[in-house]
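Biologist: I'd like to learn how to read this model. Could you take me through a few features?

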Amino acid sequence: MTENLLQIDHLTKRFQTRDGEVTALDNISLAVGRGEFVSIQGASGCGKSTLMLTIGGMLQPTLGVVRMGGRDIVQLSSRERTTFRRKQIGFVFQMFHLVPYLSILDNVLVGTHFQGTRSEIVELLTTLGLQERLRHKPNQLSTGERQRTALARALINNPPLILADEPTGNLDPENACEVFRILSQYRDTGGTVLVVSHGEMAAQWADRTVWLKSGKLLDSPTLEDISTNSDISQ
Amino acid sequence: MKHLLYLTARELLHRRVNFFLSTLAVTLAVAASVGMSYAMTAMGRETRRVMRDLGFNLKIIPATQNIDTYLLTGQLDQTMPEDVLHRLASQTSMTYNHLVATLRSHIEVAGYQAMLVGVSEELFPPGRKKPIMQPSIERGLVHLGDQIASRLNVQKGDNILIRKHSFVVARRAPKMGNADDLRILCSLADAQMVLGMPDRINEIQAIDCMCQTSDHDPRAQVLREVKAVAPEAEVVMLTAMADARAKQRQLTERYASIVLPVVLVISSAWVCILAALNVHQRREEIGLLRSLGYTSKSIFTLFMSKALFVGLAAGLLGFGLGTLLSTSWGPRIFPITAKAIRVEWSLLGWSLLAAPLFAAISSLVPAVFAVQQDPAMALRDD
């Protein structure tokens, strides 16, 4: 049994909207072991992004505990959460969120708060096949290259946990496969990866898949639950 | 901090239009302020020059003097301590300058009526030394009016006796056709000695710059200043000749006091809107930086450092533009002191200080908004 890096207990997130209260996460409990690759599957709008942002300390839950490496990040101050995020978590987003006015090299450097050395960044980018693109701006790259740059930015600090929110949502199957291969390699070096996705490819690479529907984790999804996810049913 | 400045510099180069428009707004504000400063300085200088050329316009006399008698005859029969002169001359924040004390009295010299006038050396408040308007007279010398010199039948270099005191005639003035022809000018100390009135004076003449604009009545302003230092004195101001000039200056300053704030407010709003647009454009970037562990302080610094860059560039450009316009048009507007209109380098320092501050204040609300916006909202991809 692997030691748990991440322990989520009774996590609930409610939003107030004009039409009333919306429960985005409903009493979610989940444990993720150190060095584990977990895929969270669910349809669009089921709360996957909210879950990732809450785990990453970008959103405060309404109720519940998010414990990582023994620390309940919900109880941390805003400043402590910021520091925690910087050292412990690497984010990867569907839309890449690269800084448009920086070169690829600088985009990765931003991830290190400009503390990283050029040689280690170049080495990582070379590993990801971006050695010819160091001076290029994001708008000069293909979508696959952009996502690999975003991956480099997340991986450069070697964080214990990678949170990837639909990392292949904008990629063709070939590039999507490449992204999962990189994440899988990271898992193999001891990193923990949590991916939310509505596609089935993540499940093929993950050690374990859990299902999210209407803000709730499903212990054992029925075929109907799976088939309601149009992307999965494809 | 260094890397935030680097990010700012890269962003400025990337969003050039925003940078250009922000810098333009602050540049115009700085240029207007600099131009106004040149104009006010030139206007003050021009007014002072005109006032100086018109002669003494301020008379400070003993408060006990009957003002009606003085206005009707020009005669002064009261005195005040000479110390009043030194007290007034030691003040630093007064509007007057070129202080000269006199002691005068009708006397009889060899059976002829004359007016003895003792004149002190010209004094200036600290740090406001100017070329003297009235040369002082050395002790033992006198300057004679034409009429009295003729009556006494003396020429330059002759000796005369005034109340048993011997003096050398240093100058015989040309005929003036007025009371000056009967005047005997000497040093203040000699007049005090001859008249037996040590340390007494009965008038201080001065030039007021008429440069106060907060008050419609320059005399009231001077009176307040003088009374605060010398309660035993009264002020008579020859306002007629200076009034038009003062009013012109007041009008210009009031005009400036309306136009300049309007320019500043419009520029500030302009910068604020551009900064708000910039924050909106960078929502994702802010969210990303927060996800990477950048603190609120870093985000705030990022936007403030942009304002700093804009301010420094605008300070330099605004100073250049304001100076160029002022030195080009100024000499035509202020012909009397045209040569005195030169580049004021001290304004560059002020511009480089004030412009970043102005840009920072204008960008403050958008920067605070950038810090407070929910990064999770910007990063939601679903």
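Modeller: Let's begin with accessible area, which comes from the Shrake-Rupley method with a 1.4 Å probe; for residues, only the protein chains shown count as cover. Chain A exposes about 10,300 Å², and carbon and sulfur atoms supply 46% of that. This is a predicted model, where local features need pLDDT of at least 70, side-chain atom pairs count only at pLDDT 80 or more, and totals for chains, interfaces and linings use all residues. Residues are numbered from 1 along each chain as its sequence is written, and chains are lettered from A in the order in which they are written.

Biologist: What share of the residues of chain A counts as buried?

Modeller: Buried means under 20% relative accessible area, exposed over 50%, and partly exposed in between (1.4 Å probe, protein chains only). In chain A, 53% of the 234 residues are buried.

Biologist: And how many helices and strands does chain A have?

Modeller: Both are DSSP runs, numbered from the N terminus: helices are H or I with at least four residues, strands E with at least two. Chain A has nine helices and 10 strands.

Biologist: Over in chain B, which strands pair with strand 4?

Modeller: Two strands pair if DSSP finds at least two bridges between them. Strand 3 (residues 96-109) of chain B pairs with strand 4 of chain B in the antiparallel sense, over eight bridges. Strand 8 (residues 183-187) of chain B runs parallel to strand 4, joined by five bridges. One bridge links Gly118(B) with Cys186(B).

Biologist: Why is strand 4 of chain B largely enclosed?

Modeller: Because six of its eight residues (112-119) are buried.

Terms used. Heavy atoms only, no water.
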